[in-house]
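I opened a new structure today and kept notes on what I looked up. The entries are in the order in which I made them.

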Amino acid sequence: CMIVGFRTRVATVLTWILANSLYNYTPIFYTGADTVVRVMLFLSLFMRWGEAYSVDAWLRRRKAILGGAERLPGYRKIPVWPQRLMMVQLAVIYCATGLLKNGSTWANGTAIYYAMHLDHFYRFPGIITVAEFLHAVGVLPVATIVVHWWEMLFPLALVGLALRRWSREREAGTWPPE
């Protein structure tokens, strides 16, 4: 319901409650990735994503048309600050994980190779052979270095978004704000 936007407010609150109850039920789901899910679900409580481009918005417009409205009601505006907060959170997570990957295996490009040899990361036994082949031809070392730099430099994506918006507003004549 939360994904398609049907009863979005209730679905979002119930999703957050159910996720927290699952994480509180057993500590096995208490990793960094699960903490990110919990934080993003918490921030989604402040988003009004049922206001536009959802089943709720469609039902609201349909009700207005069937009720005899002379004009089709427009989509409601959605506050952007929770989305921006999620973007900053994601940039901080990527940058922090990139900066923390400072061991020799990340520098020489063998970290993904070793990770693919861990029992709990592969689903079928042949993956080790594939990992050894990819490492021998140089794919895994390059992938390791690219992942490392991608994570460290990810906050630049937010800078790029801000510069693109500034450029768009400057061309439209709305910058600087009056």
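**Entry 1: the model.** I noted before anything else that this is a predicted model.

**Entry 2: secondary structure.** I looked up how many helices and strands the chain has. I found 9 helices and 0 strands. Reading along the sequence, I wrote the pattern down as α-α-α-α-α-α-α-α-α.

**Entry 3: overall spread.** I then checked the radius of gyration, which is 23 Å for the chain. The globule rule gives 16 Å for 178 residues, and the chain's value is well over that, so the chain is more spread out than a compact globule. Along the principal axes, the C-alpha atoms fill a box of roughly 70 × 50 × 25 Å.

**Entry 4: burial and surface.** I looked up the buried share and got 24% of the 178 residues. The chain exposes about 12900 Å², and carbon and sulfur atoms supply 68% of that area.

**Entry 5: contacts along the sequence.** I took the contacts between residues at least 6 apart in sequence and asked what share joins residues at least 24 apart. The share is 65%.

**Entry 6: α7 and α8.** I turned to helix α7, residues 127-136, and helix α8, residues 139-153. Their axes come within 4 Å and cross at roughly 80 degrees. An angle from 65 to 115 degrees counts as roughly perpendicular, and α7 and α8 are therefore roughly perpendicular to each other. On the α7 side I listed Ala131, Leu134 and His135, which meet Val139, Leu140 and Pro141 of α8. I sorted the residues of this contact into 5 nonpolar, 1 polar and no charged.

**Entry 7: α8 and α9.** Next I looked at how α8 packs with helix α9, residues 155-172. The angle is about 50 degrees and the axes are 5 Å apart, which makes α8 oblique to α9. Glu151, Met152 and Leu153 of α8 make the contact with Pro155, Leu156 and Ala157 of α9. Here the residues divide into 5 nonpolar, no polar and 1 charged.

**Entry 8: Glu151.** I went back to Glu151, which lies in helix α8. Is Glu151 buried or exposed? Its relative accessible area is 10%; buried means under 20%, so Glu151 is buried. I also looked up which residues Glu151 is in contact with, leaving aside its neighbours within four places in sequence. They are Tyr94, Cys95, Thr97, Gly98 and Lys101.

Definitions and conventions:
Residues numbered from 1 in each chain as written. Predicted model: local features only at pLDDT ≥ 70, side-chain atom pairs only at ≥ 80, totals over all residues. Heavy atoms only, no water. Axes fitted to C-alpha atoms, helices over the stretch in contact; angles between N-to-C directions. Helix = DSSP H or I, 4+ residues; strand = E, 2+ residues; numbered from the N terminus. Parallel < 35°, antiparallel > 145°, perpendicular 65-115°, else oblique. Contact = heavy atoms within 4.5 Å. Nonpolar A, V, L, I, M, F, W, Y, C, P; charged D, E, K, R; others polar. Rg over C-alpha atoms; globule rule 2.2 N^0.38 Å. Buried < 20%, exposed > 50% of the residue type's maximum accessible area, 1.4 Å probe, protein only. Areas by Shrake-Rupley, 256 points an atom, 1.4 Å probe, with all protein chains shown as cover.
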